[in-house]
Every structure is written in structure tokens, then in C-alpha cells.
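Good morning, and thank you for making time for this presentation. Please bring up the sequence and the structure, and we shall go through them together.

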Amino acid sequence: MAPAPGAGQPFRLSMLIHDRHYRALLIQALVFILVMSVASWLVNNTVQNLARMGKTFDFGFLTNRSGYDIPFSLIPYDSNSTHLRAAMVGLLNTLLVSALGCLFATILGVFAGVLRLSRNWLVARLMTVYVEIFRNVPLLLWILVILALFTEVMPAPRDYRVAEDGTAGAEMILFGGIAPTNRYTAVPAIVAEHDPGPVTVLGLQIDAMVVAFALALLAAWMIHLWLRAWAQERQDSTGRRPTTWWISVLLYLLPILGLMQLFGIHLVAPELRGFNFAGGMNLDNGFVVLLLALSLYTGAFIAEIVRAGILAVSRGQTEAAAALGLRPRPIMALVVLPQALRVIIPPLISQFLNLTKNSSLAIAVGYPDLRATLGGTTLNQTGREMESMILMMGIYLAISLIVSAVMNLYNSRVRLKER
Amino acid sequence: MSEVHAETVPFVRDTMLPSAAPPARQSGVVLWLRENLFSGPLNILLTLAGLAAVWGIVSHLWPWFAHAVWNASSIGECRQIIAERHGEGTTGACFAIIRERWNQFIFGFYPAEHYWRPTAVFGLMMFAVAPILFSESRRLRWTVLAVSAVTSFAACVALGAPDRVLLAVGAGFVALAALIEYAPRRALAFSVLYPFLAVWMLWGGSIWSPIAVLAGFALALVVWRLGARLGVGLLGLALGVAAAVWWWAALGPRVAADLQGLMPLALVPVESRSFGGFLLALTIGVSGIVMSLPLGIILALARQSNLPVVRTLAVMFIEFIRGVPLITLLFVASILLNYFLPPGTNFDIILRVIIMVTLFAAAYMAEVIRGGLAALPRGQYEGADSLGLTYWQAQRLIILPQALKISIPGIVGTFIGVFKDTTLVTFVGLFDPLKQMADTIRATFAWKGAYWEPYVFTGAIFFILCFAMSRYAMYLERRLKTDHR
Amino acid sequence: MRYTAFLATVAASALTAGVALAAEGDTLAQVKQRGVLNCGVNTGLVGFAAPDANGNWSGFDIAVCKAVAAAVLGDPSKVKYVPTTGQTRFTALTSGEVDLLARNSTWTFQRDTDLKMDFAGVNYYDGQGFMVRKDLGVSSATELDGATICIQTGTSTELNLADWFKANNMTYQPVNIDSNAEGEQQYMAGACDAYTTDASGLAATRAAFADPDNHVILPEIISKEPLAPATRHGDNNWTDIVRWTLYALISAEEYGVTSANLDELSRSSTNPDVQRMLGATDDYGAMLGLDKEWAKRAIAASGNYGEIFAANIGEQTPIGLPRGLNALWTQGGLMYAMPFR
């Protein structure tokens, strides 16, 4: 900024109005005082109201026994656990459904977006219909409709039984791998025969298999980086790039396969025993419904983003790259994708954030996410609405801010370096 | 080959042949099919998959729609009729629930004899927004106005509005149409007055209360202008605000009561609690958007400002609102808002929800308008500066008119989002059309188990409204693009 | 665009819709000044509180609201029903949004003390039960080991269920639901083996099924659920009004005062209790800050306790609940009003 015009002159009171520099300070001071007084008014009211109702403000209730059960939990939990642990269970459930939702929505969105541009008239129209129908109807409706589909239309587990006269009941889909029922969706479970049990890392109990896989992948990734640098060097010095892709594939594949062999990891398909499926994993329908609805809904938005991103790269870019003698794959990888991604990524991330926030609609399907545990049952059973709400909003805010920060970092890296 | 000369061959054509029709495979439907559906193995596969999907969906849904029953008094009767007509075990839609209870899906528990009020308000809304939203194309403007005026008038007639009301509504539509045609700038005055009119017509009560509120604004404006003429600037604004607050708090209500005594002019009051269905969704959505607009503009300007304190505060507010799910904000409205207000303050849950939706929409609006501000060429800012305009003059005369215009598609997009999100009010016990209203109807013995029909009905209405708005936004975007590039 | 114009609407809607400020703490004065009783009710449970096609509420809990409105304001229709969910009900009360919560809420220690509420007296003695399909072949809740159970979140039943299964060394798979409507949907579709909630709610739900005979309510009652109208902690006079309105309804049944013979008895009754209650001799209303005929109006609103029970949830209605624990103490039940003296 240019130095203030009044700089160097002795201060007079009238400069507060007429001097730009001092006026800016005055306005900021006034705004600050105004906002602070409103804030203090609110806090003061809150304190008064709490006192009037005889309530206190403390988070001690989090360490009390929760007393309720949660049907779907990633970490050990029962009704003797604390409210804090219940909140943790909820947070992990929120993160789980959000992460999987983002993954499926992206896959779906990329497919739909690309197919919408397809020369195939029928498929392009179908994708348009999908995108428009899902974008223009509230997410809550989709959640309720899919929930009704699952509860009303899907067969009960016992309907999968083959009757005594040999007539088969409902068919399992995906080669007998998945059985959607009106209670849960039975999917194959990943089972390790030689589970080494948990190890303690930095005071945290972590499954040793997770540690092993993480270490193997990390190592593979570092070798991969080194390999690429080596290939680049060779290309720079000799003009020929050695073929390395199969080495990279092996780098990742071999340790994974080896570890799977070592731990005896394999899939176990669900099978009907008695009235219920056993052997596989029975996924809570609340989870499946929410995941499906979130993926389908957000997928429609992502499809539009992907389409816009592809259309944003002008044809001239492809043609110029071809004129330079690049082959289709490098054109895609080096010219089109980087430019399309620059358009796609920021709105994509904001869709991911929307999906995470929308996962709070779990309330409609009874999936125990953060809002349902901390902001639902805990709030209700303890009557600590102020503390629970503040904590819950803080957690959602933290998730958003962390993701936004990562996005801003990315944006500043890929921004067009103009001017 | 060299022997072949024109002279040696027996026949030489001296006229052009009429061009033959292309082979059947290269023309018409077949060509279109070949090019668009079966141009390669992948395409054939996709087409077949698409056809299978369409067939799967249609074959499942068609019988259900085809067997629809519109005339029945309960779900049991419906099923009986379907079984009689189409044989045992067939399924069919029971749209009789819509026929019997459509009014609740649309109006909630709004008193039936006053249904014309929201209907007329909706028709008038189109007249209020027409000068702003449909200023680009005369044809579109008149199509929208004609359709909305005729339908809302017809609906008023059908819903049994008294004759004098019909006369007033009809005359109002005609007068407004004339105003928009001949004095479009004056018509903006109606857009400004409309929210007061709408609030009065929807909630009822004495007409003098909204007029008294309006008078407060007029008072503030007069004081401010006077101050500006005397050259006290900011002080004048502060005095104006103080005068308005004094009017609203002390004098206004008394004056309104006195005027009501002198000239009684009132509609039957209707409680917020009676609002439900799409009336509730639209009331919350529209008031949220309208009220968030000024807030959003201020936030966007604050975020672009070069005063660090102002900018930081704006960023904090915007990021906070955008970082939490709307449903938590609604729970704040429902269970926490009363903590933040002075002890004993207590107002309507619908009003509290509107406040929260307004704050929510304002944060998104601020981002949309910020985009509009950023899209303006720098030359516009520099031009305004070089003319010697002050900050507010430049914003008012140069920057905002252009920035807001290019933000309209984004604003419509935000409205679609907010309108869809109004269904979430079901979780704080309000009667939204999608869940709470449907649940209430399903709780009665007659309609237990009617899940799909309400979903189809409300879904269709949401789709029609949102799809129309999104198309309109896209149309506008295209139009505005050609204007500026 | 005339953006300044929109500034107008911000304040306008807030002001025209009306912000009510009232004296703090004194609920009776607030209600009288407002002229209407804000009563928190269920969003929809047939028999207890449900709106009809015109938005008129009716039900067992609604009758309590009407009686209190009649006693305080003289008109049983001066009630604003505020539908509350299991999540929002208590905060609606403590934050002052409603004056009275008549929403089948259980009177528990923690709610009475920590949640800062007062319970005015039990209007329905309930207990948590289970409903299952007949073809499941289950005749006792102890056979429900490993079952999938639908349960409303945010209710005391959720905690009871966890405790009871733990105490009996059994496991279960909860299916969390948000409202009774959703519970019915899931249970009917077979998404859960059993549906658990208050036995009265189960009866109401079962009665509404197309095939009630195919469902049984298991004999075990696993908890005590005394349902009571609640008021804010700290306003004793208001709690007294609600309590004694409730007792007036119960006493009326005990003394044979019905909506039919109310007028006659208020003139001719020789029972001193009835005379005092109906304001024929002493002015008990003044001690509550009400007028002489408060109890008379409360009874006139929808009849005495027995009449209310019979009209909304009794054996003649589709819900068909027997009086059971809710019979008068003289008839082997627990309904015992404190004496009017």
C-alpha cells in the first residue's frame, strides 16, 4: 500500500474523518468494538440463562458412563464406555461413511460425466436424466426413498433359503457375494487366519497387520520415487526413457501379495445359517442406505464438474500436443488431465466437504454418526446441549478447515502462473 | 487406357445425373442409429446396457403407475380396488392419498378458507421479482408473468376466495403488469414493498403494523439524507438508525394500534405453527434468500476489503457457517438460540429457523457475490477511483450493479440449494412436505403404509421447481456471458 | 439492484412476526399475558397426540394441555401445540419455548434433578415392552437373545434396553430409529424382529396395523415408565397449577363428577371434597392464582380422567388399552389424587 497521505504530519482529531489512514483505523476500531460488544452481549446472556436454569458449563460429563448401545462401531464400545468414547465412535462412523462416500461419488461422477459427453445418444441422455433428477430433488428424499427400497422391497434374510421343494428363494448378487436384505447387507468379510494381534505404537494399540501393510506400501512408494528419478536421469542423459512401469507394479503388488499370504488373508462369502447370514460381514442398512444416497447424490454434482472440466480444455491443446508428436496417452497425462484437473479439483473438494456435512443426515436412517451419538443420544441423556453442540460443531468445523487448508495448498501449487 | 476417347465410346452423357439417394445404411434413421448408438463395439455394449437399464426401470415402475387409483378413502380400499381391477397380488400406486390430502402437502394446516392468501402471495412474488430477474428478455418476462398471474388467479377462484378479494387480486395483477411495462424503474418500488405485503398477507393481523415498520425505514432514510445534506455523513447514518430504533421501540406500535382503531384494516391472523408443506418450505427458503442478500453483500465487501480487522471477521463468519452442517445450525435454532438471547425472550421456532437459514444462506451468498466482484475487470475499479468517487459511491454506482448482475445465476443456484435444504426442518419438529407432513398423514389409520406416493408427489414438485430454476440460471449465464466477453 | 431495499426486509420480518418479551420466571403471568398456553406434544402418536386433517390436535396428552388451558385461561382451545421430537423436547421446555411438556415423557431422577425439570404428577403408568410377530414363535422377552430390535433414540427406553439385556446376559442388535412412524415402517417390513417402546405406544402402534392379530406384545415389562407432564424447575406455582389440574381430573373420576353432571354437581353436591374442588364453598383457586371455577372448567374441557382415558386410548377405541395400573386406587390401580383440603 502507498504510504498514507497524512503520514509525517502531526495528528489532529479531524484526521480521523478526513485522513484515509486514520479513517481506516477508526472504522476498524468501531467495527471491532461493535462485534465484540455483540459477542459479549451474547455470552453475557448465555451466562445469565445458564445461571437462571441452574446449569453449569463443563465437559466433565464426557467421562461418565454412556449407558447406551451403538449398533455400528469401528472401535470396541459397549454401554459401559464413556460418552467421550461414544463421540469417538460417532466421529469415526462419520469419517468412514464420508470417505467411502467421496470415493464412490467420485467414481460414479467421473463415469457419468464422461458418459454424458459420449457420442452414444442413449447413454448420454440417460446420464443427463440421472444428473438432473438427483441434482434437483432434496437429498433427504433420496435417503428416504432408498431406505424405503431397502425396508420394503429387499427380501428378508430367511427368503434366501432354498425351500424344501427345491425352489430357490431370493438370489444373491455378484456371484453369491452380496446379499442385500431388509435388515443388513451381507458382504464378504476379509479374514486373516494368522492374525498377529495388536502392537503398541506410541502408546496406541494398532493392529499389526495395518502396520505391516503401511510400512510395505511406504517402502514401495519410496523405491518408486527413486525409480522415477533414476528413469528421468537416464532420459535426460541418453534421451531414452527405460521402461519402468512393470517394476512399479511389481513393487506395490509383491509385498501386498506376500503379506496376504503371510497372514493368510482371504475373503469369506456370507452364507445363510439358520435365519441369518454368517461368515461374511453384515453391514447395517442405515450405513448402506446413507452411503448409497450420498454417493448417488454427490455423484450427480461431480459428473457436472467433470464434464465442465473436460469441456474447459480447448481442442487446440490436444491438437497442438499431437502436432508435437505426443502419443494419445502422454497427451492425456501431460496436457489434458493437468489442465482439466485444475478446473475440476477445487469444486470437487468442495463437493467432498458437502458430502461430509450431508452425512449428518444419518439422522434419517438411524446410522450412529457424530450427530447421532454426541449431538443426539448423549445430548439428550445428559441434558448438556450447550457443551455437546459446541463440541460437535467444533469437530465438523475442524474437518472442514483441515480439508480446505489442504485444498488451498493444492490450489496455490497448480494456479496458473500469470503476470 | 489411351484408346478410350470420347469419340470411340458409343454413348456420352451430356447432362448431370440426379444424385441418387444414399444407400439405406447411410441415411435417415439407420444412419442415425449407426452413428449414435452402434458405432463400435464399446458403443454397442453401452447402448445395450442403457437399454437394459431403461427396460429394468420401466418394467418395474410402469405397472405401478398404470394401476394407480385416484379415488379411495383409505389405503385398504385402494388395495382392494387394485386387486379387483388387475387381479390379486398386483401392485399399484394409491394416489388417492394425494387427492385426499393434497392441501396438507401444499399448505400444511393453514386455514382452508384462507388458502387464497398464500396463493396470491405466490402470484405477486413473480411480479415482485420480474423487474429484477427477468429484465433481460421481454418475452420471457411476459410469459412468466402471464402464466403465474393466470394460474394463481385461477387457483384463487378454485380455492373459493371471496369476490372482493378476487377483484382486488385481479386488479392488482393488471396494475402491476402495466407498471412493469410502462415504468419498469417504478416497478422496483413494488419489489421493495412486496416483502411487507407478503408478511402481512401470510400472517395476517393489522395492516398498520407492517406499515409502521416501513415508516421506521423511511424515517431512517430521511434523517440520513438530511444529515448528508448538512454534511455530517456517518453521523447522519448513526442518527438515522437511532431514530428508526426509537420509532420501532417506542412510537411505532402505538401509532399502529391507534391507526387500527381509526381505520380497521386487518386480515385474520394465522399462526406460524399452521404453516406446513410446500408453503413452509417456500416461506423459509424465500425469506432466507431475500434477507441473506444484503447480509451476503456486506460480507462479500468485507471479505474483499483492505481493512484487516473487517476482513478477518468476515472470513471467520463465512468459514464457520460453511464449515458446519445446516442440520446443526437448525438444532442451534431449536435448542440453543434461546440461551443467547436475554432471559425471557422467546420467539417462534419458524422465525428462529428463518434466522438460521438466513445466516446460512448469507455465507454462501457472500461467496457467490465475491465471485461476481472478482469477475469484474480491474479497470472498473480503477475507472471509479480515477473519477474521484468515494468507496461507497463507487460500490453503489459502478461495482455492485455489475457484480450483482453477473452473480444472479449463482444466487439462483444458492436459492435452489437452500430450498432443497428446507426439508431438514423436519428434524426440529416443523411440518415440511417431505417427511413430517407425510409421517403425520401416515400416522392416521386410513393411510398407514403409503410410503411411495407422497415421495413421488413431493419429489415431482421439488424437481419441477428446482429444474426450472436451474434452467433459468443456465439461460441467464449464457446471456450474461455474451454481454461481457 | 436496489440492495438497500433488502436491508428493510431483514428487520421487517423480525419485527412484524413479533418478538415477545415477558416477565421472567412467572409462567402463569406469561401465559395469561400471552392469552395462549404453549404446550409441547409428540409430533404424532395416535391416541396420545396427533393432528387430524385440519390440524386439530387430539389425544390423551392433548387433554392435559386442554385442561390446563381451561383452568388458567378459561378456554380449552387457547393452546398452541408445539410438536417436539425426542431430541428437542426437554430443551423446548427449559428454554421457555413451551410452558408445559405433555409428551409421554418418563419421570426419572436425572431429568428431575440434573435436567432441571419438575414433574407435576403421573398421568399414565407405563412400562417398556416388546412387540414381535406371532410367527416368530417367541413367547417371552428372555428368548430374544441375538434379536434385532428397533428402538427410538434419545429416549429412556434406549438405556433400559441396554441395561436389561446386559443384566440378562443376552445380546441384541439395535436398529436406531428417529420417530414412531419410522419404527412402524421398519418393524412392519421385518427390518427388526422386535419393536420396543412404552407398552401403551406398542398397543397404539399394533392397533393401527392392518393385521393386529399377527403381532403379540410380550408379557415382560422391563422398566417402570411413569409418564408425567413436566414443567420448568423453579416455578413452583405453575407446577402446582398443572399438578392440581391433573389431580382435579383424577379426583373427579373418583367422586363421580363427569362432564355431563358437572354443572349439576357443582350446585347440588353434598360431598365437601367436591364442593371445595369445584369452588362451591371455599375459594381454592385463589391459592393458585386462579379464579374459583378453575377445576370446573378443567373437567369440562374433556371430562374427568376416566372419560379422557376412555375417549382416547380406552378399550372402546382402536387402541384398546385396559386401565390396568391406571385404574383408580379404589379399583386396584395406582391413580391416587391427593385430597382437596
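This is a predicted model: local features need pLDDT of at least 70, side-chain atom pairs count only at pLDDT 80 or more; totals for chains, interfaces and linings use all residues.

Which residues touch the most other members of the largest nonpolar core? Of its 199 residues, they are A:Ile143, A:Leu290, B:Cys94, B:Leu330 and B:Val353. By nonpolar core I mean a set of buried Ala, Val, Leu, Ile, Met, Phe, Trp, Tyr and Cys residues joined through C-beta atoms within 7 Å. A residue is buried if 20 or more other C-beta atoms lie within 10 Å of its own, exposed if 12 or fewer, and partly exposed in between, with C-beta atoms placed from the backbone.

Residues are numbered from 1 along each chain as its sequence is written, and chains are lettered from A and ligands numbered from 1 in the order in which they are written.

Let us stay with A:Leu290. Leaving aside residues up to four places away in sequence, A:Leu290 touches A:Val97, A:Ile143, A:Ser359, A:Ala362, A:Val365 and A:Tyr367; contact requires C-beta atoms, placed from the backbone, within 7 Å. Another core, of 100 residues, lies apart from the largest one, and its members include C:Leu100, C:Ala162, C:Phe165 and C:Ala230.

Now to chain A. Three strands form an open sheet in the order β1-β2-β9, with antiparallel pairing. Strands β1 (179–180) and β9 (281–284) of chain A stand at the edges with a single partner each, so one side of each has no neighbour in the sheet. Helices (H or I, at least four residues) and strands (E, at least two) are DSSP runs, numbered from the N terminus, and two strands pair if DSSP finds at least two bridges between them. Between β2 (residues 184–187) and β9 of chain A there are 4 bridges, and A:Ala186 stands opposite A:Asn282. Helix α8 (residues 285–312) of chain A lies across β2 and β9, at about 65 degrees to β9(A). Such angles run from 0 to 180 degrees between N-to-C directions, with axes being lines fitted to C-alpha atoms, for helices over the stretch in contact.

How many residues of chain B are in contact with chain A? There are 45, and they meet 46 residues of chain A. Helices α2 (41–66), α12 (308–323), α13 (326–340) and α18 (452–484) of chain B each supply at least two residues to that side. Of the elements of chain B, α18(B) gives the most, with 9 residues.

Finally, chain C. All 6 of the 6 residues of strand β1 (residues 37–42) of chain C are buried, so this strand is largely enclosed by the rest of the structure. β1(C) pairs in the parallel sense with β4 (residues 79–84) of chain C over 6 bridges, where C:Val41 stands opposite C:Pro83. A further 2 bridges join β1(C) to β5 (residues 100–101) of chain C, also in parallel, with C:Gly40 partnering C:Leu101.

Chain C also holds an open sheet of 5 strands, β10-β9-β11-β8-β12, with mixed pairing. Its twist averages 30 degrees from one strand to the next. Strand β8 (residues 128–133) of chain C runs antiparallel to β12(C), joined by 3 bridges, and C:Arg133 stands opposite C:His215.

Notes
Two residues are in contact if their C-beta atoms, placed from the backbone, lie within 7 Å.
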